[in-house]
Amino acid sequence: MFTRPACVPIFILLALSVVAHWRDGWFWNTLGIEYPLLWAACVLYFLVNGGGVLSLDRVIGWEF
């Protein structure tokens, strides 16, 4: 429920994490940006597309 509003602060947190780890390189085992960037891309997908057909937002009719 509230998929898109919940994705906004999560995406901001992950984007700031990518910026903080930018100088450490790409790979996650060297504390790089690969892992937070992957999760930021996943959250961005849900931010753009919403929760989908089976989401509680759509069932109730509160889709943002």
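The legends below walk through several close-up views of this predicted model.

Residues are numbered from 1 along each chain as its sequence is written, and hydrogens and water are left out, with side-chain values using heavy atoms. Because this is a predicted model, local features need pLDDT of at least 70 and side-chain atom pairs count only at pLDDT 80 or more, while totals for chains, interfaces and linings use all residues.

**View 1. Helix α1 packs against helix α2.** Let us start with the helix pair: α1 covers residues 3-20 and α2 covers residues 34-49. Helices here are DSSP runs of H or I with at least four residues, strands are runs of E with at least two, and both are numbered from the N terminus. The two helices pack at an angle of about 155°, and their axes are 9 Å apart. That makes α1 roughly antiparallel to α2 (angles under 35 degrees count as roughly parallel, over 145 as roughly antiparallel, 65 to 115 as roughly perpendicular and the rest as oblique). Axes are lines fitted to C-alpha atoms, for helices over the stretch in contact, and angles run from 0 to 180 degrees between N-to-C directions. The crossing of α1 past α2 is left-handed, a term used if the near helix is turned anticlockwise from the far one by less than a right angle, with right-handed used if clockwise.

**View 2. The residues where α1 and α2 meet.** On the α1 side, the contact includes Thr3, Cys7, Phe11, Leu14 and Val18. Among their counterparts in α2 are Pro36, Trp39, Val43, Phe46 and Asn49. Contact means heavy atoms within 4.5 Å. Sorted by type, the residues of the contact of α1 with α2 are 15 nonpolar, three polar and one charged. In this sorting, Ala, Val, Leu, Ile, Met, Phe, Trp, Tyr, Cys and Pro count as nonpolar, Asp, Glu, Lys and Arg as charged, and the others, Gly among them, as polar.

**View 3. Two aromatic pairs.** The structure holds two aromatic pairs. Rings of Phe, Tyr and Trp (its six-membered ring) pair if their centres lie within 6.5 Å, and planes under 30 degrees apart count as stacked, over 60 as edge-to-face and the rest as tilted. Tyrosine 35 and tryptophan 39 form an edge-to-face pair, 6.3 Å centre to centre with 75° between the planes. These two residues are four apart in helix α2, so about one helical turn separates tyrosine 35 from tryptophan 39. Tryptophan 39 is partly exposed, at a relative accessible area of 42% (buried means under 20% relative accessible area, exposed over 50%, partly exposed in between, with a 1.4 Å probe and protein chains only). Tyrosine 45 and phenylalanine 46 are also edge-to-face, at 5.4 Å centre to centre and 80° between the planes. Phenylalanine 46 counts as partly exposed, with 38% relative accessibility.

View 4. Phenylalanine 2 is not a glycine, yet has a positive phi of about 55°. You will find phenylalanine 2 in the segment before α1, where this residue is partly exposed with a relative accessible area of 37%. Leucine 31, not a glycine either, has a positive phi of about 60°. Leucine 31 is in the loop between α1 and α2 and counts as exposed, at 57% relative accessibility.

View 5. Setting aside neighbours within four places in sequence, aspartate 24 is in contact with Thr30, Leu31 and Gly32. Glycine 25 also has its place in the loop, partly exposed with a relative accessible area of 31%. With neighbours within four places again left aside, glycine 25 is in contact with Gly32 and Ile33.

**View 6. Aspartate 57 and threonine 3.** Aspartate 57 belongs to helix α3, residues 56-60, and counts as buried at 5% relative accessibility. Not counting residues up to four places away in sequence, aspartate 57 touches Met1, Phe2, Thr3, Trp62 and Glu63. Although 56 residues apart in sequence, aspartate 57 and methionine 1 are 5.3 Å apart, C-alpha to C-alpha. Threonine 3, in helix α1, counts as buried at 18% relative accessibility. Beyond residues up to four places away in sequence, threonine 3 touches Phe46, Gly50, Gly51 and Asp57.
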